[in-house]
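Have it open while you read.

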Amino acid sequence: MSSATGVDVFAALASPVRRDLIRLLRDGGPQSVQDLAASFDMRRPSVSEHLKVLRDAGLVTERRSGRKRLYRLEPEPLMGLRDWLTPYERFWRERMSDFAALVAEESATEGEPA
C-alpha cells in the first residue's frame, strides 16, 4: 500500500495525530495549517510535518490560496486501503459467525440433561 513516492499509507495512518488530521479534513473540508493546528496541543511546524507525511502518502493535497496553504483529503489511497482490507473483513466476519454458532451450540448442550 505505497504511494507513488513510496510512503506507506499504513505508516502514514499509524499516528493518531495523522488520523485526527484525516478526520478533520474529512469532516471540515479543505483547511489551512493554522486552522488544523488549532485542534491540537502542538505547534504549527509539528502539524506541518504530519501533513507532509500525509501528502507524501497521497492522502492529502496542498494548494496555495494567497499566503495560506490549504490541505484537502484525497480519498483514492483510502479506497485502495478499503479494497485491500475487504477480504480480511469478510474472513473475520465468517470466523465470528462460526464462533457465535459454536457458543450457541455449547450453550444449548449445557442446558440438556446428561
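**Notes on the fold**

1. Helix 2 and helix 4 sit roughly perpendicular to each other, because angles of 65 to 115 degrees count as such and their axes cross at roughly 80°. Those axes come within 10 Å, with helix 2 covering residues 16-28 and helix 4 covering residues 44-56. Bear in mind that this is a predicted model.

2. Which residues make the contact? From helix 2 they are V17, R18, L21 and I22; helix 4 brings V47, H50, L51, V53 and L54. By class, the contact of helix 2 with helix 4 splits into seven nonpolar residues, one polar and one charged.

3. Stepping back to the whole chain, I count five helices and three strands in the protein. Read from the N terminus, the order is α-α-β-α-α-β-β-α.

4. Now the overall shape. The protein is more spread out than a compact globule, because its radius of gyration is 21 Å, well over the 13 Å that the globule rule gives for 114 residues. The C-alpha trace spans about 80 × 30 × 20 Å along the principal axes.

5. How much of the protein is buried? Buried residues come to 26% of the 114. As for the accessible surface, the protein has about 8000 Å², and carbon and sulfur atoms hold 53% of that.

6. One last item, on contacts along the chain. Taking the contacts in the protein with a separation of 6 or more, 50% are between residues 24 or more positions apart.

Key:
Residues are numbered from 1 along each chain as its sequence is written. This is a predicted model: local features need pLDDT of at least 70, side-chain atom pairs count only at pLDDT 80 or more; totals for chains, interfaces and linings use all residues. Side-chain values use heavy atoms; hydrogens and water are left out. Axes are lines fitted to C-alpha atoms, for helices over the stretch in contact, and angles run from 0 to 180 degrees between N-to-C directions. Helices (H or I, at least four residues) and strands (E, at least two) are DSSP runs, numbered from the N terminus. Angles under 35 degrees count as roughly parallel, over 145 as roughly antiparallel, 65 to 115 as roughly perpendicular and the rest as oblique. Contact means heavy atoms within 4.5 Å. Ala, Val, Leu, Ile, Met, Phe, Trp, Tyr, Cys and Pro count as nonpolar, Asp, Glu, Lys and Arg as charged, and the others, Gly among them, as polar. The radius of gyration is taken over C-alpha atoms; the globule rule is 2.2 Å times the number of residues to the power 0.38. Buried means under 20% relative accessible area, exposed over 50%, partly exposed in between (1.4 Å probe, protein chains only). Accessible areas come from the Shrake-Rupley method with a 1.4 Å probe; for residues, only the protein chains shown count as cover.
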